[in-house]
Amino acid sequence: MEAKHKGPVVVAELSGNHDGSLDRAIELMELAQSCKADAVKIQTYTEDSLTLDSNRDEFLLKGGLWGGQTYYELYKKAKTPREWMKPLFKHAKTHGIFLFSSPFCKDDVDCLEDAGCPVYKIASYELNDVALIDYCASFGKPMVMSTGLATLEEIDRAVEIVRKRGVEDLTLLHCESRYPADPNLFNLKAIPYLKDRYHCKSGLSNHAIGDELDIAATALGADMIEKHFTDDKSRGGVDSAFSMEPDDLRKLVEDCTVVASSLGSYGIHLHEDEYEMRNGRRSIYLVKPLKKGQILTEADVRSVRPALGLEPYLLPSVLGKTAKYDLEKNTPLKVEDFI
């Protein structure tokens, strides 16, 4: 999975924004591609692979976007059915769309293997499901894991499982697991930390509105940006409230490309045309005429533009020396003119 532009891989997450329609899911995939997304991600689960059909209090969602329904009811409505996997991946392959998915149990993974899923994503809430992580990693494919809600110990454990399976292409996504997420609660410096600690790619799974955090993440070296996507928020959808619309996605790709292009390389470097531009800097010029044998003093010179004379930091090396010959005023000072 590679970016088609300078900067991080931009992933459009469809989640449940298809509203139960395979045709709409395909339309959203094509729309994301037309908006320059590098990849599209879906989620593969059934309500039974995520939770239990229970009305007990702990299974009831309270407050927020999905309050008032049970986990089972929400996931039944939001799922991308397993029977869609083959047609979705077939359509993606035919139309040059890079599609991958987040599975939530072994049966989901088997379904995705059968459909030809090229990359597995572990959702942040599943980062403690060591059996799921191990099963995904057993196929040796590239993996992406979100780290929202995870402790350092849990991330260490998950990465160790993946590495033991020989997975070399790993991306860890920093994630603030609120929907929508408050920018003030992000700790974006975790992005370079994850990269340095685990020697892997890193990025941001972002549920905040706007692309400011994505731009900041790009500046911090993010390799991937993942955000929810829909065609029109007004149409609803379980994740529409914190999803990008087409114009948002286009702007995200454009802005991240500009920022990534501006980063350059570590250290101080001059471009070729800047060497000529340096001639416009300051240098030391004579502001009074000097006779042969006359001693140079500070009153005889000024630091002015352009830079055809002595570098200002070298002036002390010639002050107090005598002119070899007559020198005119308003001429650049040269070391070789003095003894």
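Let us begin with the second largest pocket, which is lined by 16 residues, with Thr147, Ala150, His174, Cys175 and Ala190 nearest its centre. A pocket here is an open set of points on a 1 Å grid over the protein atoms alone, where a 1.4 Å probe fits and protein lies on both sides within 12 Å along at least five of seven lines; lining residues have an atom within 4 Å of a point. The model is a predicted one, in which local features need pLDDT of at least 70 and side-chain atom pairs count only at pLDDT 80 or more, while totals for chains, interfaces and linings use all residues. Residues are numbered from 1 along each chain as its sequence is written, and side-chain values use heavy atoms, with hydrogens and water left out.

The volume of this pocket is about 250 Å³, taken as the space filled by probe spheres set on the points, which are joined across faces, edges and corners. Its lining comprises nine nonpolar, five polar and two charged residues. Here Ala, Val, Leu, Ile, Met, Phe, Trp, Tyr, Cys and Pro count as nonpolar, Asp, Glu, Lys and Arg as charged, and the others, Gly among them, as polar.

Which elements supply at least two residues each of that lining? They are helix 7 (152–164), strand 6 (170–175) and helix 8 (190–198); helices (H or I, at least four residues) and strands (E, at least two) are DSSP runs numbered from the N terminus. Helix 8 gives the most, with three residues.

Turning to helix 8, its buried residues are Ala190, Ile191, Leu194 and Tyr198, buried meaning under 20% relative accessible area with a 1.4 Å probe, protein chains only. These residues lie on the same side of helix 8, because they cover an arc of only 110° around the axis, taken from the directions from the helix axis to the C-beta atoms. They pack against helix 7, strand 6, strand 7 (201–206) and helix 9 (212–219), contact meaning heavy atoms within 4.5 Å. After helix 8 comes His199, with a positive phi near 55°.

Finally, consider Trp84, in the loop between helix 3 (71–78) and helix 4 (85–94). Is Trp84 buried or exposed? Trp84 counts as buried, because its relative accessibility is 10%. Beyond neighbours within four places in sequence, Trp84 is in contact with His18, Gly20, Ser21, Leu22 and Ala25.

Technical notes:
Buried < 20%, exposed > 50% of the residue type's maximum accessible area, 1.4 Å probe, protein only.
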